[in-house]
Structures are given as structure tokens and as C-alpha cells.
Amino acid sequence: MCGIVAYIGHREAYPILIKGLSRLEYRGYDSAGVALINGSLNIYKKKGKVADLENETAGKNVSGKLGMGHTRWATHGEPNDANSHPHLSQSGDVAIIHNGIIENYATLKEELGNRGHEFKSDTDTEVLVHLIEDVQQNTGCELEEAVRLALHEVVGAYAIVIISKNDPAKLIGARKGSPLVVGIGDGEYFMASDASPIIEYTKNVTYLNDGEMAFIKNGELTVKTIDNVVQTPYIQTLEMNLEAIEKGGYEHFMLKEIHEQPKSIYDSLRGRFNPQTGSFAMRSLKEYEGKIKNLNRIIIVGCGTSWHAGLVGEYLFEEISRIPVEVEYASEFRYRNPVVGEDDLVIAISQSGETADTLAAIELAKEKGATIFGLCNVVGSSIPRASHAGAYTHAGPEIGVASTKAFTAQVSILTLLAFGFAELRGKATKQDLRNAFAELESMPAKVEKTLQCEEKVKQLAEWIKDANNVLYLGRGYGFPVALEGALKLKEISYIHAEGYPAAEMKHGPIALIDENMPVIVVATKNSIYEKVISNIQEVKARKGKIIAIVTEGDDKVKKMADHVIEVPETSEFLVPLIATIPLQLLSYYVAVSRGCNVDQPRNLAKSVTVE
Ligand code: M6R
């Protein structure tokens, strides 16, 4: 939540900050602001989008070679100009931007208030910058030391950047629980929530670890822990390129990302298996072979779409590897004292690798002795760092708030893992693996073919766009697909949608069905195809309107449904990779047709780094 970007060097900071904020806007778009130092400290901030901030700064003095910018997803204090970042200290000399939550801000605010501090916003962040200045004034230390000491008094999560009018050659950042990456250029440095604002200028970066701070002082970078131990930063060269974070001719990132799926699925699997020999090349599988052979249970934790991928994982691991699986919302798991032990493997799924609830679930499971396998997309993010083992999905940057290609990449790897575990536990032969891998290998082409339904889906979207409610039904592997389809529709078009196991409908939701209710059914050919047909009949009998996702060539459902969308035939366990695609497109076109902001839906942010 919230995006931060900062610059110190030989260029004008403002254009770098604005471009960086636009790239980070997926993290929050309640308000945006910048602070620039050029003799004086100039702050501009505005409720709304980065474009609103640009209007606000038009014709104003935005010069300065040291500056920082923020795009906000509101937690403490409503989205308005006053609560926008940057925030200033009591004297107005020190400025801060922050991503995260200072949990003990109320106590700190009261103490500072008793010492005469006055606050201009309702935010927790403003309290921190007042505290930093207070510490500096009381100790007479350097600004970076005041930041360090102040952070010792703070409970909560943060990535912060600080600049001061009195220290125009210093840029200070720190992280605990929220990401912060430092870009190292030629005589210039950057700090940001992720690498997207940086890669245009340098690919050399270092990701701060939790509890570390970085400061640039007179052109030199120092990294130390907030316990004052100097660290040698691990500088890595990123492979990400600029095209990956631009729209590339598509109207929205979401549409681009839907269309990228043949490639992202391919990239997620590339080099990880050999269909000829039926062998794997996943380091984590090799390392944890003993553990996998003997594990008692798999617990999958995640949120939102990643949780849906986890549900697919449950079906895969139980069917293919014959391992008992529980799938948990990370937000529930972390607070319900679950029974977890050393023989359990916890698979934490997260696109961003920063979701606060998933991170907390990992910490809890670790305390209880479980082994953690992180399945994440963002390289260097917090969840992979907190995990014992893991795999990156390699789907490339996902910028649209609605998750699409991350989901199919997660499911691809879970499928691979299910077969890997099955082999290790003697539940699959080499021939089973060769067959499964051959089918997996054909997925990018099948997804490409599925995308040909786009025109048809576009027409159906015109019909759905005026609905008040939509029901999504599926059974077996079709059930998580139904849940995912419904989530996509609600989050970007604001139409209420429910995903339900098709057979459960008769235990309640069937009461909702009438001639105005569109019902979308995943009805591909599988072991319970006939059962799904019975469920379709039940809907028809109540005059519900049906769109069915069917296997190409299917005549039976075609006769019953109002509309069908055909998808290529595939093995049952691979249906989620195919059947999800038309549902992503449907929600996209419904949202576009309703005039919704597809990439930045209201109230949402891409990575939820607060609980
Ligand atoms: O980054 P994560 O995968 O951990 O994010 C989890 C959810 O916040 C995310 O999937 C959310 O539900 C998406 N907006 C769904 O499209």
C-alpha cells in the first residue's frame, strides 16, 4: 500500500518523481505528493491521482536535485490534501513519506503533544517525522542518527524516506515490513517501493532487509541496521526491462496482462521440467526432498486471487500427490491459533510478496516449526525472504490491480509441484509425469487459442453490464475458477457477483435465480460433467440466463445455455488455466463498458501491506 520514490543526484528530481509515481500508482491512488529541496523545501500534495498533482504543480517551482514523492492508499485519516504525504516536522524543515502503519502513533502523538507539538493531519506518519526532529533537537545528533533512534520507539511497519532542508546532500530511507529498494546510478541514487521507477536509470539495486536503513551522504551509500551495525549491501543487477512496465499499445495494463498469459505461463514453467524424460529441475524440490517425502500435510495460505490459486492447489495436491491439504485465508489463519507442526509444509502464495496478512501467517507457522515455501511473483519481495524455500512465478510485473497473469502462473507452478511431490512420494510414475508435462507444455498455445474468444466475450459483456448480480458456478477444478471469475467482476466493475460450487446452489443461492440473473457456469468436459449439466437444468428451470464455458465441440450444453464460450480441450487438472481466461476478459469488458477505471478500481490497491 502506498508507493514511494526518491532521488538524489545531478538531474532534476521532479520529472523522475512524477514518472516514478505514475508507475507506482497501482499501489494506491487516494492522493499524491512531492517534496523538493532547492535552497528551500517545497511541498506539493493533492487528493486524487498523480495527474491531479501535476495540475497542482503546473507553473510552480519544482526544481531541485533532491526530492521524494508518494502515492497514497489511505489508512489513518481520510483521503484529503492535509493527510497526503509528504508530511513535515514541527519546524517544517524535515519531510517524510511513509508506506505502512505506525501502530503506537496515538501514544507518541500524545507525548509529543504534551511537549508542544502541533499536528496538521490525522496520519500516523506525521507523528513519526515530529518524533525524528524531536530526537534530533534533544540529542544534537545527525539526522540519520535521529531517524535511527526514533525508529527504536516505533511499533509497526514502515518504509520511509526522509529529507531535510538543513541537509541538502542527504537522502535517508528505512524499512521494516514494507519494501524499499535503493537504486545505484552513476553519481545518483534512487529509493522506491519497487524497482519500476528506477530501472529506466539504473539496473543496479539493493533491496533493504527488514530493520535496515540506508542513507546517502555526500554521494556515498551506507546501509546499517537500526541497531547500528553497518552492513555490506548486496547489489544485484535487475533483468526487468522498461517494456514490461509499460502498456505496449493496450488501453489498460489488465488487458495487456491477460494477453501476456501464453508467455507468462511459458516463462513460469521454462526450464523447470523436461517432458521427454519426465524429470524436474526445481532446486527447492531437490533441497527439500526428505521433507516432502515425509510431510504430514500441506497448508496453503494466501489472500484474494492467490487464495483462489491455493484452492486449485488443494485439488491438485490431494488428487495427484495424495497429500492432505488445507487452504486458509492468511488473515484468518494468523489469528486463530491453528494446529501446525514440524511435519507440515506451508505454501504461501502471493503475487506481490508483500501482503501483510500472508507475511504474518508465515511468521506464525514458522514459530510453530513448519517449513515455509513461498510462491511469489515479485523478485526480492518480503515473502520469499521470509520463506525457507520457494519459487518465483516469473510472470513479469503485474500492474493492473486485478490479478490475472499472476494467477495462471501460480497455478502452473502448483501443478508442477503436485507432480513433483507425487513422484517423490511414489504416487506418480515417470510415464505419468511425461504425460502431464506434455500437456503442461501445450498450455501456452491453448491459452493463446482461448484468447480468440475475445470478440464474443466483448458482445456478452454488453449484456452483463446492466446486471445487478451475477452468479458464477463450477464444480471440481471449475469451482475455484468460478470464485476467481466472480472476484474479477466485482473488483473492477462493482457488480455484485458470487462464486459458488454448482451443487451447493440448491442449498440457498437458487432462491436468487430469476429471469434477470445471469449465471456463468464452468461446464467443460470432465469427470463430473453430467452433474454440472443437471445444475444447469436447475438454473434453466428457474428462468436463469446461462453463459457456459464449454469444451470446444460440446453440443449438449450448447442446447441448454443462452450463450457458450468454447475453450480448447485439456486434462481436467489444467482446466483452471484455460477456463479463467474468458472470465478475466468478461470482467474487463464489462468494466470498460460501465466506464470503470479498470487498472485502478475504487478503494483497492495492488499490494495490501496493511492488515
Ligand atoms: O499480492 P498478493 O497476491 O498477496 O495479493 C493478494 C490479494 O490482495 C490480491 O490477489 C487481490 O485479491 C487482487 N486484487 C485480486 O485481483
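Predicted model: local features only at pLDDT ≥ 70, side-chain atom pairs only at ≥ 80, totals over all residues.
A polar contact is a pair of N or O atoms within 3.5 Å.

Take Ser306 to begin with: an N or O atom in its side chain is 2.6 Å from an oxygen atom of the ligand, so the pair falls within the 3.5 Å limit and counts as a polar contact. Thr305 has a backbone N or O atom 3.0 Å from an oxygen atom of the ligand, and for a backbone N or O atom of Ser403 the distance to a ligand oxygen is 2.8 Å.

Now step back to the whole shell. The ligand has 15 residues around it, and Ser306, Ser350, Ser352, Thr355 and Glu491 are the closest. Sorted by class, that shell holds eight polar, five nonpolar and two charged residues. The space the ligand takes up is the second largest pocket. Two elements, α10 (304-321) and α18 (478-493), each give two or more residues to the shell. On the domain level, domain 2 (251-428) and domain 3 (451-598) each supply at least three.

Next, follow α10 to the loop that links it with β19 (325-329), and you'll find Arg322 there. Its phi is near 60°, which is a positive value in a residue that isn't glycine.

One more backbone detail is worth a look. The peptide bond from His85 to Pro86 is cis, with omega near 0°. Pro86 itself belongs to the loop between β4 (66-72) and β5 (87-88).

Conventions:
Residues numbered from 1 in each chain as written. Heavy atoms only, no water. Near = heavy atom within 4 Å. Polar contact = N/O pair within 3.5 Å; in protein donor to acceptor, adjacent residues only side chain to side chain. 1 Å grid on protein atoms, 1.4 Å probe; cavity = no way out; pocket = protein on both sides within 12 Å on 5 of 7 lines; lining within 4 Å. Sits in = over half its atoms within 2 Å of the grid points. Helix = DSSP H or I, 4+ residues; strand = E, 2+ residues; numbered from the N terminus. Nonpolar A, V, L, I, M, F, W, Y, C, P; charged D, E, K, R; others polar. Domains from an automatic or database assignment.
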